[in-house]
Amino acid sequence: MGIYDSKHYKLLLLIPITILVFALYFSTKVEPGIDLQGGTLVTVSAGSEVNADQLKQELEKNFELEDLKVRSISGGTTGVYIEFKGEKNLLEMQKLINSGKYHELSSYCGYDVNSKDAADKCFSQKREEFKNAFVKLVSRETGASSDAFSIQEVGPSLGKVFLDQARNAIIIAFVLIIFLIFYYFRTPVVSFAVAQSAFFDVLVAYSSLGFLGIPLSLSTIAPLLMLIGYSVDTDIMLTDWLISRKTKSPTDRAYKAMKTGLTMTGTTLTALTVMLLVAYYAHIITIMNIALVLLFGLLADLVGTWFTNAVIILWHLEKKVKK
Amino acid sequence: MTLSKIFKNRKVKISLALFLLIGVFPLMFKGLQFGMDFKGGTLIQVSLVKEENTSFDISSVIKVMQSRLNAYGLKDVSVKPYGNEYVIIEIAETDPKVVNQIQSLLGQQGKFEALFEGKVVLTGSDIQSVITDPQQGYGIRGSQGNYEWIVPFRITSQASERIAKEFEGKCSTPQAQTCPEKLYMFIDRPSNAVIVIPTNLANEEAYISETLEKTQEAQSTIPLEELVRESGEELIITNSITDEVIDKVKGKTVIIPEGYYSDNEVALLNSSASKLLVKAKAEDYWIVSALNLENIVHLTPGVTAGVPVTTPSITGHAADYEKANEEMNRVVILLKSGKLPVSVSIASVSTISPVFGTEFVRYSLFAGLLAVLSVGAFITARYRKLVIAFPIMATMLMEVIMILGMAALIGWQLDLAAIAGVIAAVGTGVDHQILITDEVLRGEEDEEVQRSRLGKIKKAFSIIMRSATTTIVALIPLFMIGLGALKGFALTSILGILIGVFITRPTYAAIIKELV
């Protein structure tokens, strides 16, 4: 007895629908990361383990940093991650510059500012001052030398350009694959079944960012797009079995496809779990995030393929037989 | 023996040859280029400040920046446009001191001008070449406390004829060694500007040493008024910003010293001026830094007698050798590279420590190998046949090497996202091999679907082709839009999928037919 043998196999659709509700909820919780929103990410490799709480307190005492997060790195390497959206004064200055209120910068600069040039100059000077003071404090607290610092700074306007481009790339990608899938399968219902799975996977993976509190960044957009590839593999295979082959019953063919499909997803899940463990041990946050997003996406693919795509097409075939 | 049969297969032979050709050889002879994520470095984002109603070619901006970085002595640089408003520069350097110098080089427009009697007689476009041969006068002379640096440059024949005419008969003391008439050289002179200073600063800088150095024993000096006039700018000395001053600066660029005038007065100036520059107090003369004056040279009687000048030079003075060297290099670089078509400002700077890079490569390799092994273990557990796991693992490794080889071949810089692309491609590759395996195995157990094995593999390939094209189509926008880091991801994924579809997949099918 398999999952498609029951008369009520269509009820399986409730599973993806439930997940969809959760996914839509968590997708509103996704926050853009430093590279898409602007901000600073500092990674410091220190000789010994760093007390993150103590460093955070020290930083809060000396600077006004917005959205400050401090995490210590241990295991393979030792050090600390420091992330913040910006220093309060610098953020306010930037806001004033963006809205053209150059004069209001004067109180920050200590002299009168009245042009964009003067404002930019004053701003970069203040930024440099802050950066030096920051590095000095952190290296005092952690004992790390200044060449062990990785500082990533992204201006908010640049981040917005990135975000817009990423969004455009994903939208165009989806429009193109919808056309292509329709070209391959011709029937609207079948094409929908295949395309929805890709959508579903990417959406669930995206919402997992909100669920896990991983920021949306350039390195987490990559796995979202990787999922399109993984998703269509199993869906096209399943659909091919159900639509273009005629042996045995559709249900039997679905089980045959499932055997292959589960092996396909299984290998990928295994590889990802290994990657996740290594990345967790070595504290390579980027790879860890990629692996996590992909894991969620692939679990979603199991649902999108075997509970949604399969059910929709079986239902479609059932109706065709009745006619 | 199956093994020898496999190696006799034409497909296997061809793909082994290709494996060497596009995988192993490029990696051995050309080598991989690692991006900043792996080897550390600094990423500088420069925003281009567009003036209204002007258009420019971003590729010329890139050319100038590239030549400045090369002239500075940096080998490993990449300068790329990002849209029409940003340029992204990657350098391998992480030393904060060097990074600062580079920042100042990139943040300058570099517009060279020489003025005579308040008139521009020579610009950067007249420069033919910059001479860096010590035999021809280039270099630093002097001793501790008083260094002089000299950068001669060659100008075009048209320019030298033009200025010969300009200078003719202009020497008021033709019998002396040098004339009192002087040529003023600037890099990034504020054009059409009014300098507004209070009397105490004007008194302080009433006479400017011709060496432009305060510390030097002044041999000869120039009155402030003359200096500003000869620079083609206007000077207003006033302690308070009166209506008259406001009227005079209308629509012009105004330069004032920092901290002398009240907030109110500065606001008044700003509302009247087209642009207001507030210049901080400099180490040497304030006025020299306000004008961006580089050098003053006296005309010689020979020059004013009509002898064309072909190699003028810029000189400067500094108290210590290091500073002299730094200044000289800056001038050489700016003259050599020419000016940027727009003014620029630094938008962001990020440095990645090389300490992280090496760890990164080590762990990435480790994670990759473990992932391949775990896939092998999973496949063995699933099919209960070691012979299937082995070719799949071998194919994975071959694909990785071929993708990296192709990347080396086209000189693509590998970053984190590109590695993710390799993983993606190899991952879908495994999916496809399982598809082929299942199609071949199914023939054994399922009599109803007995077709020729070739037919089954064809079936598998039609699925593979459809899913591969779909994935490639999804990646193309990413590659075209050129989202900085994600471009590498798209490229390696597409390469990997193509290599898979055309090389490794058919070969795997040929092998698996022999094995089961």
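This briefing covers the chains, their interface, the nonpolar cores and some helix packing.

The model is predicted: local features need pLDDT of at least 70, side-chain atom pairs count only at pLDDT 80 or more, and totals for chains, interfaces and linings use all residues. Residues are numbered from 1 along each chain as its sequence is written, while chains are lettered from A and ligands numbered from 1 in the order in which they are written.

**Chains**

- Chain A has eleven helices and six strands. Helices (H or I, at least four residues) and strands (E, at least two) are DSSP runs, numbered from the N terminus.
- Chain B has 18 helices and 20 strands.
- Of the 323 residues in chain A, 47% are buried. A residue is buried if 20 or more other C-beta atoms lie within 10 Å of its own, exposed if 12 or fewer, and partly exposed in between, with C-beta atoms placed from the backbone.
- Of the 516 residues in chain B, 42% are buried.
- In chain A, 71% of contacts between residues at least 6 apart in sequence join residues at least 24 apart. Two residues are in contact if their C-beta atoms, placed from the backbone, lie within 7 Å.
- In chain B, the corresponding share, for contacts between residues at least 6 apart that join residues at least 24 apart, is 75%.

**Interface**

- Contacts link 67 residues of chain B with 73 residues of chain A.
- On the chain B side, elements that give two or more residues include α10 (263-272), β16 (275-279), β19 (343-352) and α14 (354-383).
- α14(B) gives the most to that side, with 14 residues.
- By class, the chain B side has 41 nonpolar, 17 polar and nine charged residues. Ala, Val, Leu, Ile, Met, Phe, Trp, Tyr, Cys and Pro count as nonpolar, Asp, Glu, Lys and Arg as charged, and the others, Gly among them, as polar.

**Nonpolar cores**

- The largest nonpolar core has 127 residues, of which A:Leu225, A:Met275, B:Ile403 and B:Ala420 touch the most other members. Such a core is a set of buried Ala, Val, Leu, Ile, Met, Phe, Trp, Tyr and Cys residues joined through C-beta atoms within 7 Å.
- Helix α11 (residues 285-322) of chain A gives the most to this core, with 17 residues.
- A:Leu225 touches A:Ala173, B:Ala474, B:Leu475 and B:Leu478, not counting residues up to four places away in sequence.
- A second, separate core has 90 residues, including B:Ile91, B:Val196, B:Tyr285 and B:Ala347.

**Helix packing**

- Helix α10 (residues 250-282) of chain A packs on α11(A) at about 170 degrees, with the axes 8 Å apart. Axes are lines fitted to C-alpha atoms, for helices over the stretch in contact, and angles run from 0 to 180 degrees between N-to-C directions.
- α10(A) and α11(A) are therefore roughly antiparallel. Angles over 145 degrees count as roughly antiparallel, under 35 as roughly parallel, 65 to 115 as roughly perpendicular and the rest as oblique.
- Their contact divides into 21 nonpolar, five polar and one charged residues.
- In chain B, α2 (residues 10-30) and α15 (residues 386-409) pack at about 55 degrees, with their axes 7 Å apart. The two helices are therefore oblique to each other.

**A:Met93**

- A:Met93 is found in helix α4 (residues 88-98) of chain A.
- A:Met93 is buried, with 23 other C-beta atoms within 10 Å.
- A:Met93 touches A:Leu105, A:Tyr108, A:Phe123 and A:Lys126, not counting residues up to four places away in sequence.
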